[in-house]
Every structure is written in C-alpha cells, then in structure tokens.
Amino acid sequence: MNLVFNGIAYLFIAFSTGIFLMGIGRKIVARFQRRYGPPLVQPLYDILKLFTKTTNISHGYMMDVAIIMLLGGTLLGLFFFPNPWFNYFVPSADFLVLVYLLLFPSLGMAMGVGEAANPNGSIGISRALSMLVGYDFVFLVVTVGLAMAFNGDTFFPNIISAQQGGILNWNILHFPFLTIAAFLTLMGMLGKKPFEVMVAPHEIATGPMVEFGGKYMGFLFLQHSFALFLELGIFVNLFLGGGTWYSFIPKIIVVFVVLLLTNVMWSRFRTDDAVRFFWKYPLFFALIDLIRVVIV
Amino acid sequence: MEAIKVILILPLIAAIFSLILGKLKGLREIVNMLFSGWILSILIQLYNKSSSITIPFFNSFGLNFSINNFSWFFLILINTVAFLTLLYFSSSENNRKNTAFFYFVFFLKVFGMNAVVMATDLLSFFISWEIMSIFTYFMIVYGGKKASMDAGRRYIVLSILGSMFFLIGMITIYNNTGTLDYMKLRVQLSFFSNSFLWWLVFSLGFSFILKSAALPLHFWLPDAYSKAETAFTTFLISISARIGIYGFIILFYIILGPNMDKMGYGHFFSFRYLMLWIAGLTMLVPNFLLFLEDDAKRMMSWSAIGQGGYMLAGLAIGTPLAVAGGLFHVVNHALYILLILMAIYAVEKKTGTTNLNELGGLIKKMPISFLGMLIAIIGLAGIPPMNGFVSKWMIYKSLISEKYPIIALMAFLGTIGTILGVYKMIHNIYLGQLREEHENIKMSPSLMQIPMIVLMIFVWGLGVFPGIAFKPIVDVQRFLGLPLLKYNLGGIPFEHLNMIDINNAMLLALVIAFIFFLLGGKRIHVSQYNNYAAGHFLDKNIPFNYNYNFYPSMERVIKPFNLRLINYLVRDIEDWFKILSGIIRHFYSGHLNWYVLSIFACLVILLIGGML
C-alpha cells in the first residue's frame with residue numbers, strides 16, 4: 001500500500017514540478033522580451049481547458065494509441081530513473097535501457113502524426129528524427145564516457161552513489177566537457193532554442209502537432225511536463241549528484257533556469273545545421289572527456 | 001532409420017516430390033507443408049540429444065554429420081523459418097510461372113543449409129556450403145529478370161572466389177595437420193605459428209565475411225536479395241545470410257578456440273579487435289544507408305547486412321554475455337525480419353509494388369499487417385520491450401564493459417540510423433495519405449494472417465521472456481566450451497536487466513495514460529481530407545503524401561561522407577573486368593587452327609619455364 005502511495009505521490013510531484021517549470025519558463029522568456037508573461041499557473045489552465053474541450057478530432061485508432069504511447073512512454077522513463085520517492089522498478093534496468101526507453105514515446109508520437117496524413121506533420125517528424133540523430137548520438141557518447149569512467153558499469157544508482165559526499169565529488173567537476181555536451185543534448189531533447197525547429201510556435205504549421213487539438217493537445221502538454229522532470233532529472237542524476245527529497249527539485253529548477261537563459265540567447269537552427277552543430281562542438285567536447293577517460 | 005538421416009534426406013525427398021506434383025495446385029502446397037512440418041517435429045524431439053553419422057566418400061575421407069546442441073540451435077532456426085515462409089507463401093495465391101521449380105530450389109537450399117550446420121569436418125562443410133551457394137544463386141535468379149540475373153552473376157562469381165580461398169585453406173590445413181575434423185584440428189593448431197593461423201583465418205574467413213555480407217564484402221547483397229522474388233527474399237534475408245555467422249562461430253570457437261587470443265599483440269592489435277572493426281563498420285554504414293533507399297525490400301536487404309554486424313560483434317568479443325547476445329540476435333533478427341517481409345509481401349500482393357514512393361495510408365485497409373510491421377520494427381530498431389532490444393542491449397553492454405568504446409559508439413549510431421530507416425518504411429507504406437487507387441483494397445486472407453500473428457507473439461514474447469531462448473543458447477555455449485551465461489526467465493539478473501519488470505512497468509504506464517485518455521472528452525474520427533492545410537484545400541485529386549526524399553536534412557548532412565564509396569569502387573572494378581573479359585573473349589574465335597596454335601604456344605612456354 002505504501003508503494004502505491006509512493007508511486008502516486010511521485011507522479012504528482014513530477015507533474016507539479018513540470019507544470020511549475022513550464023510556468024516560470026514562460027515568465028522568464030517573457031521578461032527577456034520585455035513582456036509580463038502569463039500567470040504562473042497558465043500551463044495548468046491550458047491543460048484543463050484542452051481536456052474539457054468538446055471537439056476532439058482524431059484520424060484513427062493509431063492516433064489514439066499514439067498519445068497513450070507518448071504519455072505512457074514518458075511515465076515509463078520516470079519509473080526507471082533513480083529518484084528520492086519511488087524506486088521500485090529501478091533495479092530492473094540499467095542506464096542503457098533508460099536511454100532506449102526514452103525513444104519509446106517519440107516513436108509512438110511519430111506513428112500518430114503519420115496516421116493523421118498531414119504532410120506538414122510528416123515534415124515535422126522528419127525534422128524531429130533528423131535532429132534525434134544529432135543529439136542522441138552525442139548523448140550516447142556521454143553515456144559511454146561515463147560508463148568508461150565507472151569501469152564499464154552502467155547501473156544508474158551506482159553512478160549516483162559515486163558522487164555522494166559533497167560538491168567536490170559531483171561529475172560536473174570531474175567531467176566538465178561531458179557536462180557541456182550533455183547540457184547541449186538536453187536542450188535538443190527538450191526542444192529548446194536553437195534546436196526547436198520541430199516544435200517552435202512559429203513553425204507550427206510544419207510541426208508534428210499540426211493535427212493535434214483538444215485532449216490530444218492536452219496530452220502533449222501533460223507529456224511535456226513529465227518529460228521536463230524526467231530529462232532534467234536525468235541530467236541532475238548524472239552530473240549533479242542526484243538528490244534527496246529536498247535537494248532534487250531545487251537542482252532541477254537551477255538546471256532549467258540555466259537552460260532557459262541559454263535558450264533566450266540563441267536564434268533557431270535549421271535542422272541540418274543543428275545536426276552539424278551537434279556533430280561538431282558537443283561531440284568534440286564529449287570526445288575530449290571520453291578519450292581522457294579511456295587513456296588515463 | 002536414425003533421426004539424423006531423416007533430417008538429411010527429407011528435404012531431398014520433398015524437393016523430388018515438388019517436381020512430381022508440379023502442376024497439382026493445392027496438393028503440392030499441402031505436401032510441402034507436411035514435409036517441412038515433419039522435419040520440424042523431428043527436430044523438436046531431438047533437443048538435447050546427440051547423434052552422428054559418417055557417409056563414405058572416397059579413400060579415407062568420409063562425410064561426417066552430427067546433431068548436437070550447437071547444430072540443433074541452427075537447425076531449428078533454419079527449419080522454423082522455412083516452415084513459416086512456406087506456410088505464408090503457400091497460402092497466398094500467386095501467379096508464378098514455374099512453381100514446381102520454386103519449391104524444388106527452396107527445399108534443396110534448406111537441404112544445403114541443414115547439411116552445413118550438421119557438418120563436423122571441413123570437407124563435408126565445404127561440399128554442403130557449395131550446394132547451398134548454388135541454390136542461393138537459383139533463388140536470386142528465379143524470376144529471370146535482367147536485374148536479378150546480373151546480381152546473381154555477381155554473387156556466384158564472388159562465391160566461387162570465396163570457395164577457392166576456402167579450398168586452398170583446407171588443402172594447406174590438411175597438408176600441415178593431416179586432419180580436417182574440427183575437434184582434432186583445434187588440438188593440432190596450438191602447435192602452429194601465428195602466421196599459419198593468420199593464413200588459416202584469412203582463407204576460411206573470406207568466405208564467411210562474404211556470406212554474412214560484412215564490410216567490405218557486402219556490396220553483392222542488396223541487389224541480389226532485393227531483386228529476387230519476395231518469398232525467396234524473405235528466406236534469404238532472414239536466415240541465409242546468417243550462415244556466415246555460423247561459419248564465424250566454427251572458426252572462432254571450434255577451430256581456433258583458445259588459439260584466438262594468441263593472435264596479435266595486446267588489446268588493440270589483436271584478431272578480436274580486427275573482427276570488431278569489421279563488425280563496427282558493418283553496423284555503422286549499412287544502417288545509415290537505410291533511409292536513402294526507396295524500396296522496402298532493398299531497405300531490408302541493407303538492414304540485413306547491418307544487423308549481421310551486431311551478431312559478429314557479439315561473437316568477436318567472446319564474453320558469455322556477448323556470445324549469447326550475438327546468438328540471440330540471430331534468432332531475433334530471423335523472427336522480426338520475417339514478420340516485416342511478410343507485411344511487405346501482403347502489401348506487394350495487393351498493390352503490386354514495394355516502392356515506398358508509390359504507397360501510403362494502408363493502415364486503414366490492412367491493420368493486421370500494420371500491427372505486425374510496427375511490432376517488428378520496434379524489435380529491429382532495438383527499442384524495449386521487443387526481442388531485438390534484449391540482444392542489442394547485451395552487445396552494447398559487453399562492448400562497454402570490455403572497453404571497446406569506439407565500436408560501442410558505432411553500434412549506437414547504427415541503431416539510430418535504423419530508427420530513421422524503419423520509420424520511413426512504415427510511414428511511407430502504412431501512414432500518410434491513402435491513394436485513390438488503393439481505396440478498394442481488402443485485408444489479406446486469414447490464412448496469411450496466422451503466421452504473422454504467431455510471429456508477433458514470438459517477437460514480443462522473446463522480449464518479455466528472453467530466458468526461453470537463453471536455455472538453448474547456453475547449451476550452445478556449453479558445447480563450445482565457453483563460459484556460461486547466468487540468466488533467469490526475465491533477463492540477466494547480475495547485469496540489472498529484468499524484461500518482465502520492464503514490461504509490467506510499461507503496462508502500468510500505459511494504463512495510467514489510458515485513464516487520462518478516458519478523462520478527456522469524446523473523440524470523433526475524421527477523414528484524411530479533413531486536415532489542416534494552411535488555408536489551402538485537400539481532396540482526392542491532390543497527392544499530398546510526404547514520402548519522396550523523406551529526410552532531406554539528413555541527406556544534406558551525410559552527403560560529404562560519401563557512404564557509397566565501396567559501391568562505386570566495385571562498379572569501377574567490374575567495368576574494368578568487363579573490358580578485360582571482352583578482350584579475352586576474342587580468344588574463342590571458333591577457328592581450330594587458332595586453338596592448336598595457342599596450345600602449342602602454351603607448351604613452348606611451359607617447356608622454357610621447365611628449362612629455366
């Protein structure tokens with residue numbers, strides 16, 4: 001019973017953190033653009049509004065399954081990364097499994113967008129998958145680099161427990177270049193500028209969500225809130241030493257704010273330029289540390 | 001009669017029967033199915049039993065065949081694939097011209113493959129290998145189209161080249177050791193120098209690299225396999241190319257055995273590392289070419305090359321986890337690629353094409369084959385919870401824990417390339433706009449859906465319970481004298497993989513997501529023409545499917561790398577050979593005195609050579 005309660009509490013914490021981040025995100029970006037921005041709870045209002053819409057247009061069963069796979073896949077990722085609240089499933093999978101579980105929601109989404117038969121949506125998927133080649137490869141270089149540093153061990157809790165005992169043990173200080181690379185891939189994963197061409201509001205007509213409205217759009221918002229918690233949480237676990245129930249969320253917020261500050265400085269990359277960028281600078285940074293780890 | 005003889009002879013009898021029953025439609029399919037099922041049922045009973053026979057050949061040489069845990073593993077795989085292929089392609093109506101010959105070739109190919117994996121000495125291996133290669137050639141050229149004839153010719157020339165190397169290697173081995181038996185050879189080889197081992201590896205390995213289409217000898221496969229008839233393509237892609245992997249197991253762990261680690265110096269200048277580089281390039285390049293292809297069969301042929309790299313990598317690493325991963329990937333690849341090609345064939349049969357630019361939107365018309373392909377491509381792309389993920393994970397994990405970071409990155413990058421390719425395939429066939437000419441397509445008959453549903457259960461089932469497949473794999477490891485994999489039903493406990501838990505978590509997560517889905521308002525299904533079109537309009541007369549040139553930005557990125565370099569190189573070499581053969585052809589002028597003159601000239605040269 002305790003386990004079920006913990007699980008529900010965990011999902012609630014993840015959701016509210018994600019919603020809060022989306023709220024302050026819009027606020028911060030607005031202030032940089034000399035606007036006031038919407039109220040902090042606006043994302044929650046948006047979700048409630050979208051879920052109570054009476055017209056929900058779907059193009060077939062695959063599209064219904066797709067959003068379930070999208071949200072379900074993200075929740076699945078949440079179950080398998082170490083966190084202070086709910087670790088029941090964590091011993092069943094190592095970090096490599098988590099890396100591939102992160103692809104599950106995007107694949108589901110891609111199927112749904114495909115069934116909608118909108119060429120603009122398909123273009124969005126083409127862009128998103130091309131971008132994935134860029135950042136996911138760098139992310140895997142980071143993974144291999146960390147695994148090499150831990151003598152081939154890829155079990156996630158071990159990576160965290162090696163960083164315990166003060167800031168000096170955090171991986172951000174031991175592997176600064178891997179951290180930079182991972183940070184840039186994180187921006188790609190979350191679709192922040194300059195890597196936001198597939199989800200940018202200005203490009204919406206050629207984005208994956210072009211045919212999504214009503215509760216389908218609501219699912220995307222919901223998923224984004226969980227995904228923010230998940231992907232920022234992975235970064236915190238890998239480089240900032242994980243956290244306890246009081247320090248985990250502040251760390252996530254700090255990473256997110258830094259991410260947003262980077263976000264507002266950039267303009268948007270075209271897809272091929274984004275992939276080239278990933279294969280140049282972040283890959284170079286990641287390889288510096290990888291080679292250092294392998295040789296030394 | 002002994003079971004082993006039955007296994008050897010039954011495909012031959014079946015081949016003869018298929019000639020006799022040539023024109024009797026219906027009966028011949030049932031008889032073929034019976035034969036194939038009969039072999040399979042005998043094999044299932046033979047699990048964990050061993051027997052062997054010797055067929056006298058000439059002088060002291062005999063042909064030795066045996067069934068043991070190792071050959072059983074490959075036998076059951078070959079014959080299951082053969083059975084399912086027959087079941088699927090017999091139940092679909094077809095308008096082949098020469099069906100009797102079709103089954104004849106099929107059964108003789110199965111015979112050749114069975115004999116290869118049952119052989120226990122190099123001579124019987126070689127003879128079976130040649131039989132198999134010949135019928136592979138017939139499978140490729142069966143349709144008789146010019147493209148397939150060209151591809152078949154290229155295949156047979158290369159195959160003969162490989163066989164010559166094998167023959168020379170075999171003769172050298174016999175002259176030096178006096179035996180061709182695998183087990184005796186292993187003992188003998190420990191007395192020989194490194195250079196002899198390298199020569200042996202080169203002469204035997206050339207054929208294996210060629211057959212498993214590892215880089216740089218992969219260029220024959222895409223044309224040869226994709227231009228064959230789809231039924232043959234299915235069999236060739238799913239299991240035939242893997243016979244090269246079988247050859248590598250024989251080479252690495254039966255013939256070389258512990259001598260393998262003697263070859264080379266240290267970690268990075270060793271035979272293992274060389275094989276890993278071959279495997280790494282095989283994983284990387286073909287998988288990145290997938291999304292450039294416009295034909296589903298051709299795409300899967302490239303994928304067959306690329307997935308072979310994972311198997312080779314697993315075998316070359318040599319730890320229990322890696323070898324088990326390599327062997328498991330052979331099984332998984334056979335299963336999901338069979339499912340994919342069945343789905344492709346269902347589409348080809350209804351629409352008459354496998355060209356990805358001419359299809360689209362078939363999910364509405366063929367939901368079962370869409371589901372099959374979806375499950376199979378999740379397996380192929382290596383995403384949990386399907387079977388392909390487990391075996392790929394075992395290989396990644398071994399590459400990382402054995403400190404091969406560069407090869408590991410190649411494996412990862414290959415998987416990303418696969419994801420791009422398979423999404424393009426499923427999108428262009430089943431998703432997007434349904435074309436007007438495909439509006440009236442009906443679902444395939446239920447007899448064709450049964451093998452697909454069975455395979456879906458296999459693909460998912462082995463992903464959730466990989467332990468089922470680990471049992472025979474560990475038997476193979478025991479036979480090869482390798483350290484054994486520690487496993488349980490759900491995965492590998494000491495490496496933190498429990499697929500049952502992952503699957504349970506997935507079901508839980510999907511249920512939670514489904515509850516959210518029910519919370520929202522009621523949905524309406526609308527037609528594909530009821531789409532947002534930025535103020536434009538969509539109707540039946542406008543083809544708006546986004547399929548041609550699906551990843552333009554990736555093409556721009558990878559263009560400078562020129563991944564098809566080897567193909568251009570091969571084409572150049574072929575052109576030169578054609579010019580050369582054109583010159584040599586003039587020799588056969590048909591004039592008798594010209595031949596006599598040349599024989600005389602040869603004799604003179606030999607004589608002068610002898611004097612010197």
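Glu495(B) and Lys397(B) form a salt bridge, with the closest N and O atoms 3.6 Å apart. A salt bridge here is a side-chain nitrogen of Lys or Arg within 4 Å of a carboxyl oxygen of Asp or Glu. The pair links distant parts of the chain, 98 residues apart. Glu495(B) sits in the loop between strand 5 (491-492) and strand 6 of chain B, and Lys397(B) sits in helix 16 of chain B. Helices (H or I, at least four residues) and strands (E, at least two) are DSSP runs, numbered from the N terminus. Both Glu495(B) and Lys397(B) are buried. Buried means under 20% relative accessible area, exposed means over 50%, and partly exposed lies in between (1.4 Å probe, protein chains only).

This is a predicted model, where local features need pLDDT of at least 70, side-chain atom pairs count only at pLDDT 80 or more, and totals for chains, interfaces and linings use all residues. Residues are numbered from 1 along each chain as its sequence is written, chains are lettered from A and ligands numbered from 1 in the order in which they are written, and side-chain values use heavy atoms, with hydrogens and water left out.

Lys397(B) also reaches the other chain. It forms a salt bridge with Asp94(A), the closest N and O atoms being 3.5 Å apart. Four salt bridges are found across the interface of chain B and chain A.

The area buried between the chains is about 6,600 Å², and carbon and sulfur atoms give 75% of it. Buried area is the accessible area (1.4 Å probe) that two parts lose on being put together, summed over both.

Strand 1 (residues 56-58) of chain A and strand 7 of chain B run parallel, joined by three bridges. Two strands pair if DSSP finds at least two bridges between them. Asn56(A) stands opposite Arg523(B) in strand 7 of chain B.

Now look within chain B. Strand 1 (residues 51-58) and strand 2 of chain B pair in the antiparallel sense over seven bridges. They form a hairpin with two residues between them, and Asn59(B) in the turn has a positive phi of about 50 degrees. Phe58(B) has Phe61(B) as its bridge partner in strand 2 of chain B. Strand 2 (residues 61-67) of chain B is largely enclosed by the rest of the structure, because five of its seven residues are buried.

Over all chains, the structure holds 23 salt bridges. One joins the side chains of Arg26(A) and Asp46(A) (3.1 Å, N to O). Arg26(A) is partly exposed at 36% relative accessibility, whereas Asp46(A) is buried at 11%.
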